[in-house]
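The following note is intended for a colleague meeting this structure for the first time.

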Amino acid sequence: MEALSRAREHSAESPILELRGLTMHFPIGGGFFGRATGAVRAVDGVDLTVQDGEALGIVGETGCGKTTLGRCIVRAYDPTGGQMLYRQHGGAVVDAATLGKNELKSYRREVRVIFQDPYASLNPRMTLLQIVGEPLKVHGIATGKELEERVAELLRKVGLRPEYIRRYPHAFSGGERQRISIARALSLGPRLVVADEAVSALDVSVRAQILNLLEDLQAEGALTYLLITHDLSVVDYLCNRVAVMYLGRIVELAPTQSAYEDPQHPYTEALLSAIPIPDPRERNRRQRIKSSGELPDPSKQIAGCPFHTRCAYARDVCATETPLLRPVKSGHWAACHFSEELSLEGVGATGGTTGAVPAIR
């Protein structure tokens, strides 16, 4: 843990990725001659800096654009606008949003992804040697006996026995399959790992084991994590900063403890109130705060603050003027006109014990 702390102290001056006005709009067809009649604004002008060595959580309800943001970062999608300034291992900065096919190969060696579903993300016709070793072969790093040795070492690293190397995914449980996915993501020695709902498909006890594994791997290899999740208790457990997304935009960005104890945006307050409370004696002491209505249609432009149609604190100005993401206190940013005036209810950040992630070792 000391190595992880040092990495996080160093991270304040060493951004590894900076997003500037990043957009991802999906065209809606069906018009005359198949022309686009509109667009779904899945990611709509995101500005975000990811520090080297940190664990940054991206949270929000389903449909907020967090998964699309992650897929843009790993270039599974080609962004429709904005910049992704990535600092390479040698220190050179490139715009990952505009990299060509040949340049993407080296970028994807340093930026890897862990997918949500451990059942759908692994090819059932491939052995562990083929699954974990494929990136090593594609990048020309290892073949033959050396490849087997590297894969065996990766399996040991994630807590699996190396003799499983010739088994197929059907022989493993959900938690073990996710460990295989993690081994595949780590096979090329990445610097930035995007984990998209990496533990949401697992039961509680296995979830804690995987989170402990991710934490240990970060301390050992000075990894940077971008953890995409709808579960705020997972962010509480693993991340030192959190970004809250709503309708494709960042509405709050802060250190995890600050965001949990003193939220500055009404949407964050509503998300925090949904965190389950393990102690039944405490459940009736906290009032559930619910956002009214449903998530608006992301294909329709909303005037003013995107959240004003569901916000209990909305005023006339919220329907006409879009608030900018701005600093409201030290290290804490929010996109709300009245952050300094509102007294929003938070929860205590308690290392994962606020929700369904027991802090076990």
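1. Contact, as used throughout this note, means heavy atoms within 4.5 Å. Leaving aside its neighbours within four places in sequence, Ile182 is in contact with Ile114, Val158, Ile210, Leu213, Leu214 and Leu217.

2. On the basis of the note: this is a predicted model, in which local features need pLDDT of at least 70 and side-chain atom pairs count only at pLDDT 80 or more, while totals for chains, interfaces and linings use all residues. Residues are numbered from 1 along each chain as its sequence is written, and side-chain values use heavy atoms, with hydrogens and water left out.

3. The protein has ten helices and twelve strands. Helices (H or I, at least four residues) and strands (E, at least two) are DSSP runs, numbered from the N terminus. Of its 361 residues, 51% count as buried; buried means under 20% relative accessible area, exposed over 50%, and partly exposed in between, with a 1.4 Å probe and protein chains only. Among contacts between residues at least 6 apart in sequence, 67% join residues at least 24 apart.

4. The interior deserves attention next. A nonpolar core is a set of buried Ala, Val, Leu, Ile, Met, Phe, Trp, Tyr and Cys residues joined through side-chain atoms within 4.5 Å. The largest such core has 68 residues, and those with the most contacts inside it are Ile114, Val151, Ile180, Ile182, Leu214, Tyr225 and Tyr260. Helix H7 (residues 204-221) gives the most to this core, contributing six residues. Apart from this core lies another, of 33 residues, among them Leu48, Val50, Val94 and Ala243.

5. How do helices H4 and H5 cross? The axes of H4 (residues 128-138) and H5 (residues 144-157) come within 9 Å and cross at roughly 115°. Axes here are lines fitted to C-alpha atoms, for helices over the stretch in contact, and angles run from 0 to 180 degrees between N-to-C directions. H4 and H5 are therefore roughly perpendicular to each other. On this scale, angles under 35 degrees count as roughly parallel, over 145 as roughly antiparallel, 65 to 115 as roughly perpendicular and the rest as oblique.

6. The contact between these two helices is made by Leu128, Leu129, Val132, Gly133, Leu136 and Lys137 of H4 together with Leu147, Glu148, Arg150, Val151, Leu154 and Leu155 of H5. By class, the contact of H4 with H5 has eight nonpolar, one polar and three charged residues. For this count, Ala, Val, Leu, Ile, Met, Phe, Trp, Tyr, Cys and Pro are nonpolar, Asp, Glu, Lys and Arg are charged, and the others, Gly among them, are polar.

7. H4 also packs with helix H6 (residues 174-186), at an angle of about 30° and with the axes 7 Å apart. That makes H4 roughly parallel to H6. Leu128, Ile131, Val132 and Pro135 of H4 and Ile180, Ala183 and Arg184 of H6 make the contact. These residues divide into six nonpolar, no polar and one charged.

8. The loops on either side of H4 may be read together. Thr127 lies in the loop between strand E6 (111-114) and H4, and Thr127 is buried, with a relative accessible area of 11%. Beyond its neighbours within four places in sequence, Thr127 is in contact with Ile165, Arg166, Arg167 and Tyr168. Ile141 is found in the loop between H4 and H5 and is partly exposed, with a relative accessible area of 22%. Leaving aside neighbours within four places in sequence, Ile141 is in contact with Arg109, Leu136, Glu146, Arg150 and Leu188. The C-alpha atoms of Ile141 and Leu188 are separated by 8.5 Å, although the two are 47 residues apart along the chain.

9. Is helix H2 mostly covered or mostly uncovered? H2 (residues 66-73) is mostly covered, with six of its eight residues buried: Lys66, Thr68, Leu69, Gly70, Cys72 and Ile73.

10. Two backbone values should be noted. Arg75, in the loop between H2 and strand E4 (81-87), has a phi near 65°, a positive value in a residue other than glycine. Arg75 is buried, with a relative accessible area of 6%. Glu197, in the loop between strand E7 (192-196) and H7, has a positive phi near 50°. Glu197 is buried, with a relative accessible area of 6%.
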